[in-house]
Amino acid sequence: MAGVCDAPFMHNGGAVQLTGTGNLKLGTDLSFSDVSKTDATNCRARVRGDATFSYAGLPPSKSKLDYLMTIKQGQASFVRYADAGERPSSEGQFDLRMLGLFAYDGKTLKTGQRMPGATYRLNIGKAAPVGGQPSTVVRIGEKTVGSRESIDTALGRKACWPIRYTRDTDPTMATFKGLSLPIPGMNTTVTDWFCPEVDLVMRQDIDQGGLKSAVEITSIK
C-alpha cells in the first residue's frame, strides 16, 4: 500500500473505475472524499461506490461500498463507514488490497524481486461486494517481479512491471434471491501490471486453467 497516499485519485472528488472481462468479472466504481494526508505513508479517506461480481455463469451480484480507509505507516485498514467509530473487525472485511490496485512501491521494485503472499477472509454478503452470507478464504502466493514492458492503459502507453503470483479461494455457498448456489473454489495465476509512472496496477490478468479474465482501470480522475 506504499503508493496509495500519493495515488492520483487520492483527493476529494477523486474517482477510479475498474472493469472486468472474461470468466471472472469483478468491477468497481469508487469515489474518494473526506481525504486527509499527513505524509506519503499516512492518510485516510472515505471510499464509496458500487461493486459487481460474476463468475462462471452464476447470477451477477451488485452491492454498495462505503468504507473508511486508513493508511498508517503504509499499512491499510478498512472498516464500514457506519462502524467507523468501532474497532475494525478482522473477520471478513472487504479489503481493497485484494483488487491489487495499489499494492506496490515503484521506488523499490526490481526484476527478479520476490515478495511475500497474504491471506484474506472475504465476506460474501451485504457487507462485501458479492451477495449472500458466507465467507471464503483468499490465499495469495509469493509474488515475483518480471522485466518491465510497455502496455496500453487508459492513461496511454506505459512501461510497467509484471508481478506474477497464484491466487486461490476455497469453495463456498452463496444465496442469490433465496436460491442457494455453490461457488467453486478458484485456482488462478495472476499478473499485476504495476505502472510506476502513475503508482497503480493498471491491469490485472487472470488465468484459471486456460480461461482468461482481466480487470483493468478504465477511468481515473
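Mentor: Strands (E, at least two residues) and helices (H or I, at least four) are DSSP runs, numbered from the N terminus. This is a predicted model: local features need pLDDT of at least 70, side-chain atom pairs count only at pLDDT 80 or more, and totals for chains, interfaces and linings use all residues. Residues are numbered from 1 along each chain as its sequence is written, and side-chain values use heavy atoms, with hydrogens and water left out.

Trainee: How many helices and strands does the protein have?

Mentor: The runs are assigned by DSSP. The count comes to zero helices and 16 strands.

Trainee: Which side chain of opposite charge is nearest to aspartate 192?

Mentor: Aspartate 192 sits in strand E14, residues 186–195. Asp and Glu count as negative, Lys and Arg as positive; His and the chain ends are not counted. Aspartate 192 is buried but has no salt bridge, a term that requires a side-chain nitrogen of Lys or Arg within 4 Å of a carboxyl oxygen of Asp or Glu. At 4.4 Å away, the nearest side chain of opposite charge is lysine 143.

Trainee: Is leucine 26 buried, partly exposed or exposed, and why?

Mentor: Leucine 26 belongs to strand E2, residues 24–39. Buried means under 20% relative accessible area, exposed over 50%, and partly exposed in between (1.4 Å probe, protein chains only). Because its relative accessibility is 21%, leucine 26 counts as partly exposed.

Trainee: How far apart in space are leucine 26 and valine 215?

Mentor: In sequence, 189 residues separate leucine 26 and valine 215. In space, C-alpha to C-alpha, the separation is 6.8 Å.

Trainee: What share of the residues counts as buried?

Mentor: The protein has 221 residues. The share that counts as buried is 48%.
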